[in-house]
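Morning, everyone. I'll keep this short. Have the coordinates open as I talk.

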Amino acid sequence: MSEYLLAFKAGRAFRNEGTNRVEPSATKGAIILTNGDDGLLHFIWKNRSTNQIEEDLILFPTDASFVKVSQATSGRVYVLKFSSSNQRHFFWLQDASDERDAKFVENLNGLLQDPEHTLDWSSDASSAQASTSQVPQATPEQLAQIQRIVQSMSGSTQPSAPELSLTDILTPDNLRPLFTSRPELIPALFPHLPPDLPLPPSTEVLERVIHSPQFRASVASFDQALRTGLLGGLVRGLGLPEEAGTSVEAFLRAIQEQADRGDSMETD
Amino acid sequence: MSSAEESGGWQLTESDPGVFTELLRRLGVPLIVDDLYSLDSESLALLQPLHALIFLFKWIPESASDSSSASSGAPDPEFPGFFAHQVVNNACATLAVLNALGNIPSLASGPELAELNSFTTGMDPQTRGLVITSADWLREAHNALSPPSAISLDELGLPKKSEDAYHFVVYLPFMGSVYELDGLKQHPVNHGPYPEAGEGWLQRARQVIEARIATYPPGALEFSLLALRDDPLPALQAQLTQLQSAGLDSEVAEIVARLANENSKRERWAFENSLRRHNHTGLAYGLLLALAKAGMLGKAKDEAKQVMKTRLEKRRERGEDMEED
């Protein structure tokens, strides 16, 4: 039989796709953490009106964390996040008083890190109330992790808002006029195509490539890498000055200079 | 947990029929994988002989109501077939394929896979999972279709993307019953016997899968279904020769159309797989340089700045976008 590790009153909240805001649902519920029959840690949400289990997530130690949604207006909204995925589940705490919220969350995070974790609190559902050990403190690693999560939730992982992105320049709309009006520039691009394409290089093949999710992902990750400002070594390989690897802007400026000089590796 | 520890050198791959089929080719197995858009009898009949269904969905383990309901089958600790636990996140697609292949009777395969199967016979699922994910040749076959990174993103300290946590579950017939093999579960699940007549195991599998899908609230589940089936090309070729020599023109036309269909799909897979293996940074640079030479880069830059400005404004209006990471 599965064993309750922790339980407390909490409702669910859902992200409204249109506004991207998280809205609490009024349904009464409880979050329950159990050691399932399968020996795995289960995070369960039970509807307290119908007594039905409506969510049952298997969690691996250290994969998930339960974090306050700082921008939510009510202040009692939390998100269950996974380091292995972008999946998120939102909840809001429903205990009559918010005094114990922090404790619930600390205990829960303790168990999510280590299911063997000792708690100072046992569940309402099992009607046992024991308080024998200390509230566990978050480790420095946990704090760092939480900070990262909060950072990523506050809307930007970049140190400053970017001015432009390569993904908005290398669009099919921007490239089509190039293909139609300057066909003499096209053959120089062929050596950059995958060597094992099943079709010979052509403008049509090139168009197929720039429409592909693989190409777009490649551009996005190059853009991200450029924004770190650490690509000096890489851009030197393209015949650009090291300074071109310090930002997207610098990279584009260097390319324009290279084009104006007409000394690129492509035409020599 | 860092993704390097967690992935054990297994890279991210796309869950795409073209990727699976290439993996099967590397394993020396004469099967292919196709997308399955419907579970109706006609769609399934076209794909016969069909050996297993792979149900993949965004990592939402089944709700408790699903596992307790009568239709959800019984864990079978005595399962005599091949079953391995998923011990590495990024390996889950390949592991699902192996769990399926290991239970297809008299299946031809390359020497490495045959050796791995016989070596792991009798091991418990956890050990089996560990042995599989430590096989270098298998990891290489799996990684062969993940994008190369000329730029080592690890060293730049960028936020890493882990696999978009798809969960893979295999359904297949085994010794007269439909089994569910889920590498995150302790044991295979027996969903009961199926009738030999008519559609056979697929009829039972359809019920089980449809019941499972129905346990999720509408829209909460992102899933797809893949079919593991015989490579149809040899059979179609043989049929074509036969019909041609019998002079059955209308049947010939139909087979020719199906062959053309299969071949254009293979061409598309080969094209996409080639793009998956390639690093496109050079092409991105080449295109930017061409834009610059054509005098089109300045305008594109200005427009891109405008696009970014609008995007940031919209994000602020929405009160910070939580999906942005």
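This is a predicted model. I'll start with a strand pair in chain B. Strand β5(B), residues 177-182, is joined to strand β6(B), residues 189-193, by three bridges. The two run antiparallel. Within that pair, B:Tyr179 sits opposite B:Asn190 of β6(B).

Now the helices on this sheet.

Next, a loop residue. B:Thr120 lies between α6(B), 111-119, and α7(B), 125-133. Is B:Thr120 buried or exposed? The cut-off for buried is under 20% relative accessible area. B:Thr120 has 0%, so it counts as buried. Beyond its neighbours within four places in sequence, B:Thr120 contacts B:Phe82, B:Arg128 and B:Val131.

On to a helix pair. The axes of α10(B), residues 232-246, and α11(B) come within 10 Å and cross at roughly 155°. That makes the two helices roughly antiparallel. The crossing is left-handed. Residues that meet there include B:Leu236, B:Leu240 and B:Leu243 from α10(B), with B:Val252, B:Ile255 and B:Leu259 among those from α11(B).

Now the largest nonpolar core. It has 47 residues. Those touching the most other members are A:Ile169, A:Leu170, A:Leu240, A:Phe251, A:Ile255, B:Leu287 and B:Leu288. Chain A helices α3, α4, α5 and α7 each supply at least two residues, and so do α11, α12 and α13 of chain B. Which helix gives the largest share? That is α12(B), with nine residues.

Look at A:Leu240 in detail. Leaving out neighbours within four places in sequence, its contacts include A:Phe251, A:Ile255 and, from chain B, B:Tyr285. There is also a second, separate core of 41 residues, with B:Leu23, B:Leu27, B:Cys92 and B:Val131 among them.

Last stop, chain A. Four of the five residues of β6(A), 64-68, are buried, so this strand is largely enclosed by the rest of the structure. Five bridges join β6(A) to the antiparallel strand β7(A), residues 77-82. There, A:Phe66 stands opposite A:Leu80.

Methods
Residues are numbered from 1 along each chain as its sequence is written. Chains are lettered from A and ligands numbered from 1 in the order in which they are written. This is a predicted model: local features need pLDDT of at least 70, side-chain atom pairs count only at pLDDT 80 or more; totals for chains, interfaces and linings use all residues. Side-chain values use heavy atoms; hydrogens and water are left out. Buried means under 20% relative accessible area, exposed over 50%, partly exposed in between (1.4 Å probe, protein chains only). Two strands pair if DSSP finds at least two bridges between them. A nonpolar core is a set of buried Ala, Val, Leu, Ile, Met, Phe, Trp, Tyr and Cys residues joined through side-chain atoms within 4.5 Å. Contact means heavy atoms within 4.5 Å. Axes are lines fitted to C-alpha atoms, for helices over the stretch in contact, and angles run from 0 to 180 degrees between N-to-C directions. Angles under 35 degrees count as roughly parallel, over 145 as roughly antiparallel, 65 to 115 as roughly perpendicular and the rest as oblique. A crossing is left-handed if the near helix is turned anticlockwise from the far one by less than a right angle, and right-handed if clockwise.
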